[in-house]
Amino acid sequence: MTNTSELLNQFHKAIKSNEIEIIDLSHTLGPNTPMIKVPEGHGKNPPPVSLEYISNYTDDGGHSRWSTLTTAEHAGTHFDTPSHWTSGQDFVDGNTETIAVNRFLAPACVLDYSDGVKKNPDFILTKNDILKWEDQHGSIESGSWVLFQSGWSDRFNDPDKFLNMDEDGCHSPGPDPDAVKLMIERDVCGFGTETIGTDYGAASKFEPPFPLHYFMHGANKFGLASLTNLDKLPPKGSIIITPPLKIAMGSGSPLRVLALIPKL
Ligand code: MN
């Protein structure tokens with residue numbers, strides 16, 4: 001049997017020596033963070049992120065700098081809990097307070113479709129795309145994240161390009177209902193994406209609407225939105241760390257997402 005204190009010791013040494021590398025999968029959260037625009041008839045829009053000084057070292061005789069952060073739970077790089085969606089609202093262990101903390105550390109499968117997305121911003125991730133990835137890399141193991149690499153994070157600093165909206169709505173890549181059902185069959189931990197939300201841009205037109213949210217959260221699984229640096233991860237072999245803030249009854253939260261990868 002493995003001596004776990006020795007295992008932790010080795011782990012720490014491997015981090016210190018960079019044998020295990022840590023990659024930051026998060027964008028900076030601030031007033032420039034692009035905010036989602038909910039399609040008409042599907043609810044309200046969030047306010048922009050704001051940071052206002054309480055004091056700035058010198059103001060009012062203060063010795064410190066600190067700010068009031070105003071943010072939606074779903075802003076920038078953020079975590080979606082099951083309780084975010086009607087289909088997941090009854091899970092007692094499905095909000096930021098109640099999710100078991102050992103679910104915030106899990107292996108990741110990174111599926112790269114950035115070439116397809118470059119050609120077509122309305123790229124739909126299908127069941128067949130995922131099965132083809134599995135042919136090449138082996139099956140998606142139970143408890144793994146599926147991270148959808150699309151290259152979309154390159155657009156993050158230009159909100160117009162990131163949302164990519166016209167009169168028909170939002171044009172950004174994402175999964176169709178059958179792809180989501182396959183991920184649930186694989187018993188994934190959740191689905192992460194580089195786009196502003198986990199669903200396809202025009203997902204209000206699917207049946208059911210927003211199938212990623214509907215099925216994934218209905219199966220007590222998670223989402224991660226607005227990730228970056230997925231191109232730095234191997235297809236398999238990384239572990240990601242994803243604890244959201246422990247907000248009372250939180251439906252999600254901005255967070256720092258870290259990936260541990262073996263040095264090649
Ligand atoms: Mn969200």
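Q: Which hand is the crossing of H5 past H6, left or right?
A: H5 passes H6 in a right-handed crossing. A crossing is right-handed if the near helix is turned clockwise from the far one by less than a right angle, and left-handed if anticlockwise. Helices (H or I, at least four residues) and strands (E, at least two) are DSSP runs, numbered from the N terminus.

Q: What kind of model is this, and how are residues numbered?
A: It is a predicted model, where local features need pLDDT of at least 70 and side-chain atom pairs count only at pLDDT 80 or more, while totals for chains, interfaces and linings use all residues. Residues are numbered from 1 along each chain as its sequence is written, and side-chain values use heavy atoms, with hydrogens and water left out.

Q: Back to the helices. At what angle do the axes of H5 and H6 cross?
A: At roughly 20 degrees, with the axes coming within 9 Å. The axes are lines fitted to C-alpha atoms over the stretch in contact, and angles run from 0 to 180 degrees between N-to-C directions. That crossing makes H5 roughly parallel to H6, a label for angles under 35 degrees.

Q: Which residues make the contact?
A: H5 gives Pro177, Val180, Lys181, Met183 and Ile184, and H6 gives Pro211, Leu212, Phe215 and Met216. Contact means heavy atoms within 4.5 Å.

Q: New topic: H3. Which of its residues are buried?
A: In H3, residues 127-137, they are Asp129, Ile130, Trp133 and Glu134. Buried means under 20% relative accessible area, exposed over 50%, and partly exposed in between (1.4 Å probe, protein chains only).

Q: Why are they on the same side of H3?
A: Because they cover an arc of only 140 degrees around the axis. The arc is taken from the directions from the helix axis to the C-beta atoms.

Q: And which residues are exposed on the other side of H3?
A: Lys132, Asp135 and Gln136.

Q: What covers the buried ones?
A: The cover includes strand E5 (105-112), strand E6 (124-125) and helix H5 (177-185).

Q: What are the protein donors of the manganese ion?
A: His74 (ND1), His78 (NE2) and Asp80 (OD), lying 2.2 to 2.3 Å from the ion. Donors are N, O and S atoms within 2.8 Å of the metal (3.2 Å for Na, K and Ca); water is not among the atoms, so sites may look incomplete.

Q: What spacing do the donors follow along the chain?
A: H-x3-H-x1-D. Both His74 and Asp80 are buried.

Q: Last one: where does proline 39 lie?
A: In the loop between strand E1 (20-24) and strand E2 (50-56). Proline 39 is partly exposed, at 28% relative accessible area.

Notes: Angles under 35 degrees count as roughly parallel, over 145 as roughly antiparallel, 65 to 115 as roughly perpendicular and the rest as oblique.
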